[in-house]
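Subject: Handover of a structure and what was found in it

Dear colleague,

Please find below the structure that I am handing over to you. My notes on it follow directly after.

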Amino acid sequence: MLECQLDDMTGEHLGHVLEQLVAKKGVLDVYYTPVHMKKNRPAVLLSTLVTADSVTEIEDYLLLFTSTFGIRKREVNRTILDRKIITYLSPFGKIDIKVGFKQGKIIKAVPEYECVKKQALETNIPFHQVYSTVQTYCLDIIAGKVSIDHVNTK
């Protein structure tokens, strides 16, 4: 985990940095947390979870493209679910669903945001309506009412 506090960058600049980091190989997660620095200045803590082999590259990026003068570095452990992406033919069109497994059992199913957004825009139906319709299907997957064995996977 690489972290740095930033109190002198604009929101636009921070957004650009986050977009660039997300696109980099070896970056597993990026997020901002609001913090207060000395002299009670508002700032953000930029946290970047990276693979071990990308640490140097991402440190170099942070030092060059942000205002930070230093980076905190620590090892973290994480637990992740096995996952599979399935494609659901919804009433609004094809929407990908991320299905999470623990020890072979389905414990989560979530519509992929970008697919929901695309179908909502193409069909001119509110995002929340498309999402909630697909979420109902996801709940049926979790409850075992729908088998995903026959569904297209990615």
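Two strands pair if DSSP finds at least two bridges between them. Helices (H or I, at least four residues) and strands (E, at least two) are DSSP runs, numbered from the N terminus. The model is predicted, so local features need pLDDT of at least 70 and side-chain atom pairs count only at pLDDT 80 or more, while totals for chains, interfaces and linings use all residues. Residues are numbered from 1 along each chain as its sequence is written, and side-chain values use heavy atoms, with hydrogens and water left out.

The sheet

Strand E6 (residues 93–102) pairs with E7 in the antiparallel sense over 6 bridges. Within E7, Lys108 is the residue that stands opposite Gly100. The open sheet is formed by 3 strands in the order E5-E6-E7, with antiparallel pairing. Strand E5 (82–90) and strand E7 (105–111) are at the edges with a single partner strand each, so one side of each has no neighbour in the sheet. On average, neighbouring strands of this sheet are turned by 30° against each other, direction ignored. Axes here are lines fitted to C-alpha atoms (for helices over the stretch in contact), and angles run from 0 to 180 degrees between N-to-C directions.

Helix H3 (residues 113–123) touches E6 and E7, and its direction makes about 160° with that of E6. Helix H4 (residues 127–143) touches E5, E6 and E7, and its direction makes about 175° with that of E7.

Aromatic pairs

Rings of Phe, Tyr and Trp (its six-membered ring) pair if their centres lie within 6.5 Å; planes under 30 degrees apart count as stacked, over 60 as edge-to-face and the rest as tilted. By this rule the structure has 4 aromatic pairs. One of them joins Tyr61 and Phe65, which are stacked at 4.7 Å centre to centre with 25° between the planes. Both residues belong to helix H2 (residues 55–65) and are 4 residues apart, about one turn of the helix.

A pocket

On a 1 Å grid over the protein atoms alone, a pocket is an open set of points where a 1.4 Å probe fits, with protein on both sides within 12 Å along at least five of seven lines; lining residues have an atom within 4 Å of a point. Leu28, Asp29, Arg83 and Lys98 line the second largest pocket.

Yours sincerely

Terms used. Contact means heavy atoms within 4.5 Å.
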